[in-house]
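Dear colleague,

Please find below the structure that I am handing over to you.

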Amino acid sequence: MKSEKIGTLYIVATPIGNLQDITLRAIEVLKKVDRIAAEDTRHSSPLLKHFSINKPSISMHEFNERERLKVILEHLQQGESVALISDAGTPLISDPGFHLVREAKAQGINVVSIPGPCAAIAALSVAGLPTDKFTFEGFLPAKPEARRNRLALLLHEARTMIFYEAPHRLLSTLQTMMEVFGGTRMATVAREITKIHESVLTDELAGLVSHYTAREKELRGEFVILVEGIDEEASVSKEVIPEEVLDALLEELPLKQAAALASKITGERKNVLYEMALAKKNK
Ligand code: SAM
């Protein structure tokens, strides 16, 4: 596909488990490009072999993206076409590629989407939670305190929230979600979508915690967690009252941290909330 013109960068989605989910167009594009940039070339090799695709490859993962993108852009500038794939699903969705796409567009390179599977959208489509508005939160921080803080910032989120989570953190994340959002908030755990051990469970957070606590030793595979947003109309007050937020956070966090987080959530000044928290403590 070499030509005088600049090449095209294709962002190609691949299956998230079941190989039959690859699209006809993805196969066609992977067969015609000059080069495939893959997150992990060893990981992608069975997929490419399965569809008899044999192309020069470049590895581009989270840790070498900025360095590798220069090489990929050079190939594109020389008129080659390149397909970017990740280990599974849609590239750039909790996967590398953002810097490459941004730079390619800045250089006037044509970037074309070859859409297909994405675990977040697949899970949302079968969760039974509202789909009219949703927010993709990706992976939560690994450290428990940072994870709790991130969730606390979502306390008033009205859209369905979608999270990716590692199996060894699933249960503790569900427990923290229950503490932050309350045990009656509806949520879904979608496991191993399109694979043999696929399961999708929608229940109140308290129900999910007890279900997975009983199965703690079997927690293997890949998981998407979805949490329903707050019901804005049913909630007594739509207004975020700084003192109420502070009170809730003081039950879980040290004073300084509670004040800082309440300030982030409500927009109230940190020192005002800190003084308020001190006054409550000294009451
Ligand atoms: N780019 C991918 C996509 O489009 O979904 C996501 C890549 S991210 C590094 C991997 C995470 O996606 C997993 O830890 C899991 O949370 C989720 N995931 C991927 N495949 C999945 C599947 N088959 N079932 C459930 N979750 C999956």
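**The ligand and its surroundings**

The largest pocket is the space that the ligand takes up. Please bear in mind that this is a predicted model, and that the values below were computed from it.

Two strands each give two or more residues to the shell around the ligand, namely β7 (160–165) and β10 (223–227). In total, 19 residues surround the ligand. The closest of these are T90, D95, A119, Y164 and F223. Sorted by class, the shell consists of eleven nonpolar, five charged and three polar residues.

With D95, a nitrogen atom of the ligand lies 2.8 Å from an N or O atom of the side chain. With A88, a polar backbone atom is 3.2 Å from a ligand nitrogen. With E192, a polar backbone atom is again involved, at 3.5 Å from a nitrogen atom of the ligand. The ligand taken alone exposes 570 Å², of which the protein buries 90%.

As to the chain as a whole, it is divided into domain 1 (8–117), domain 2 (125–228) and domain 3 (239–281). Between the centres of domain 1 and domain 3, taken over C-alpha atoms, the separation is 46 Å.

With kind regards

Note on methods: Residues are numbered from 1 along each chain as its sequence is written. This is a predicted model: local features need pLDDT of at least 70, side-chain atom pairs count only at pLDDT 80 or more; totals for chains, interfaces and linings use all residues. Side-chain values use heavy atoms; hydrogens and water are left out. Domain bounds come from an automatic or database domain assignment. A residue is near a molecule or strand if one of its heavy atoms lies within 4 Å of it. A polar contact is a pair of N or O atoms within 3.5 Å; within protein, one must be able to donate a hydrogen and the other to accept it, and residues adjacent in sequence count only if both atoms are side-chain atoms. Accessible areas come from the Shrake-Rupley method with a 1.4 Å probe; for residues, only the protein chains shown count as cover. On a 1 Å grid over the protein atoms alone, a cavity is a set of points where a 1.4 Å probe fits but cannot get out, and a pocket is an open set with protein on both sides within 12 Å along at least five of seven lines; lining residues have an atom within 4 Å of a point. A molecule sits in a cavity or pocket if more than half of its atoms lie within 2 Å of its grid points. Helices (H or I, at least four residues) and strands (E, at least two) are DSSP runs, numbered from the N terminus. Ala, Val, Leu, Ile, Met, Phe, Trp, Tyr, Cys and Pro count as nonpolar, Asp, Glu, Lys and Arg as charged, and the others, Gly among them, as polar.
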